[in-house]
Amino acid sequence: MKMKPLSSDLPRREFLTRAALALAAGATLPAAFGADNDPAAAGERPLIVSTWDFGKASNDAALKVLLGGGTILDAVEQGIWVTESAGIGTVGLSGTPNAAGVVQLDACIMSGPGHTAGSVAALEGIRHPISAARRVMEKTPHVMLVGEGARMFALEEGLESIETHAAEHYEAWQKQRAKLKAAAQDPKATPKNHDTLALLVLGADGNIAGGCSTSGLGHKLPGRVGDSPIIGSGLYVDNEVGAAGATGLGENVMRFCGSFLVVEYMRQGLHPQAACQEAIRRIIKQERPGKQLSLNFVALDKQGRHGAATSEGQFPYSVTSKTDSRVQPGARI
Ligand code: SD4
């Protein structure tokens with residue numbers, strides 16, 4: 001693996017700061033100072049990274065959009081459509097209902113150029129919440145619309161809606177609840193009640209965009225909004241530095257502006273991998289020892305480097321370039 005010189009072109013003070021931050025984050029020095037974490041893909045553009053293994057299908061669709069001449073925002077939106085329609089049970093209208101048996105969706109999108117953002121929360125009955133978020137960004141002076149207002153806006157924009165009847169949802173949820181209960185008795189089964197798609201795109205021209213979409217925490221209180229549609233929590237893009245996205249227990253991300261934190265660590269010079277790890281370590285430090293936090297971050301930087309980390313369990317993330325598309329493990333803290 002080719003290594004870049006560690007210190008030759010860095011002022012001594014910056015070198016020491018980076019070293020201290022990187023080592024605190026558990027990174028190796030080469031990783032912290034810019035050695036490629038993945039020689040095959042590092043530096044390659046376009047590059048797409050996303051949360052979880054199901055993100056790969058969205059990455060592949062996003063790459064196709066870019067190769068067909070679409071913009072980075074088109075790639076984010078249309079890539080996310082794939083997962084929103086895939087029926088995975090945690091993103092889009094197949095998602096787990098809230099405590100009232102209703103699916104309420106959260107999504108956001110952010111563009112590096114112009115530093116613009118759009119977001120929707122607690123949105124009901126709209127097939128592609130990511131498109132609603134994009135329209136909020138592009139067609140209104142606002143950043144975020146919620147609940148019935150977000151739904152009315154999406155309908156006025158002509159976005160596809162699906163009639164949702166709370167009673168039907170409630171029945172479906174009851175069935176799912178029975179399944180989850182049964183699965184909980186089976187140590188081999190791992191029931192999921194939340195898993196969000198955050199997808200980050202570095203374009204061939206070096207510009208960055210990202211999006212995030214979820215049905216949020218299963219069985220949440222009606223009206224509960226998680227981290228996913230909150231700019232700086234579930235997603236953050238800074239066109240000078242890079243982008244980060246989150247998945248996990250939103251309450252633990254929101255209280256720390258998680259994705260913003262990861263991007264800020266990258267701004268200080270950390271490799272995306274080390275930045276994700278350092279953000280998790282910093283949150284852990286302020287929490288009760290041993291508390292299960294369910295924090296997962298994914299990040300990419302302007303140079304085409306990427307990384308991911310989780311506070312516990314496993315966190316696979318998807319990485320796609322023109323030469324390769326694969327799922328790989330995030331680092332466990
Ligand atoms: C939420 N962060 O609503 C989302 C859920 C999630 O993996 O990402 N789960 O809290």
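Here are some notes on the predicted model above, point by point.

1. **Ground rules.** This is a predicted model, so to speak of local features a pLDDT of at least 70 is needed, side-chain atom pairs count only at pLDDT 80 or more, and totals for chains, interfaces and linings use all residues. Residues are numbered from 1 along each chain as its sequence is written, and side-chain values use heavy atoms, with hydrogens and water left out.

2. **Overall make-up.** The chain has ten helices and 13 strands. These are DSSP runs numbered from the N terminus, with helices being H or I of at least four residues and strands being E of at least two. Of the 333 residues, 56% are buried. Here buried means under 20% relative accessible area, exposed means over 50%, and partly exposed is in between, with a 1.4 Å probe and protein chains only.

3. **Contacts and surface.** Take the contacts with a separation of 6 or more: 65% of them join residues 24 or more positions apart. A contact is a case of heavy atoms within 4.5 Å. The chain exposes about 13,900 Å², and carbon and sulfur atoms supply 55% of that. Areas come from the Shrake-Rupley method with a 1.4 Å probe, and for residues only the protein chains shown count as cover.

4. **The cavity.** There is one cavity of 30 Å³ or more, and the volume of the largest cavity is about 70 Å³. For the record, a cavity is a set of points on a 1 Å grid over the protein atoms alone where a 1.4 Å probe fits but cannot get out, and lining residues have an atom within 4 Å of a point. Grid points are joined across faces, edges and corners, and a volume is the space filled by probe spheres set on the points.

5. **Its lining.** Twelve residues line the largest cavity, with Gly-216, Leu-217, Arg-224, Asp-227 and Gly-248 nearest its centre. By class, the lining has two nonpolar, eight polar and two charged residues. Mind the bookkeeping: Ala, Val, Leu, Ile, Met, Phe, Trp, Tyr, Cys and Pro count as nonpolar, Asp, Glu, Lys and Arg as charged, and the others, Gly among them, as polar.

6. **Helix α5.** Eight of the eleven residues of α5 (residues 129–139) are buried, so this helix is largely enclosed by the rest of the structure. The buried ones are Pro-129, Ile-130, Ser-131, Ala-132, Ala-133, Arg-134, Val-136 and Met-137; note that Arg-134 is on that list. Their cover includes α4 (72–84), β2 (105–111), β3 (116–123), β4, α6 (147–156) and β6.

7. **Leu-145.** This residue sits in strand β4 (residues 144–146) and is buried, at 19% relative accessible area. Not counting residues up to four places away in sequence, Leu-145 touches Ser-119, Val-120, Ala-121, Val-136, Ala-150 and Phe-153. Its C-alpha is 8.3 Å from that of Ala-133, twelve residues apart along the chain.

8. **Backbone items to check.** The Arg-45 to Pro-46 peptide bond is cis, with omega near -5 degrees, and Pro-46 belongs to the loop between α2 (29–32) and β1 (47–51). Trp-52 is not a glycine, yet has a positive phi of about 65 degrees; Trp-52 is in the loop between β1 and α3 (55–67) and is buried at 11% relative accessible area. His-219, also not a glycine, has a positive phi of about 70 degrees. His-219 lies in the loop between β6 (208–214) and β7 (235–238) and is partly exposed, at 26%.

9. **Cysteines.** A search of the whole structure turns up zero disulfides, where a disulfide is a pair of cysteine sulfur atoms within 2.5 Å. Cys-276 is buried with a relative accessible area of 0%, whereas Cys-257 is partly exposed at 39%.

10. Lys-291, in the loop between α10 (272–286) and β9 (295–301), counts as partly exposed at 29% relative accessibility. Leaving aside neighbours within four places in sequence, Lys-291 is in contact with Asn-252 and Arg-255. Gly-313 is in the loop between β10 (306–310) and β11 (316–321) and is partly exposed at 38%. Gly-313 and Arg-332 are 19 residues apart in sequence, with 7.3 Å from C-alpha to C-alpha.

Technical notes. On a 1 Å grid over the protein atoms alone, a cavity is a set of points where a 1.4 Å probe fits but cannot get out, and a pocket is an open set with protein on both sides within 12 Å along at least five of seven lines; lining residues have an atom within 4 Å of a point.
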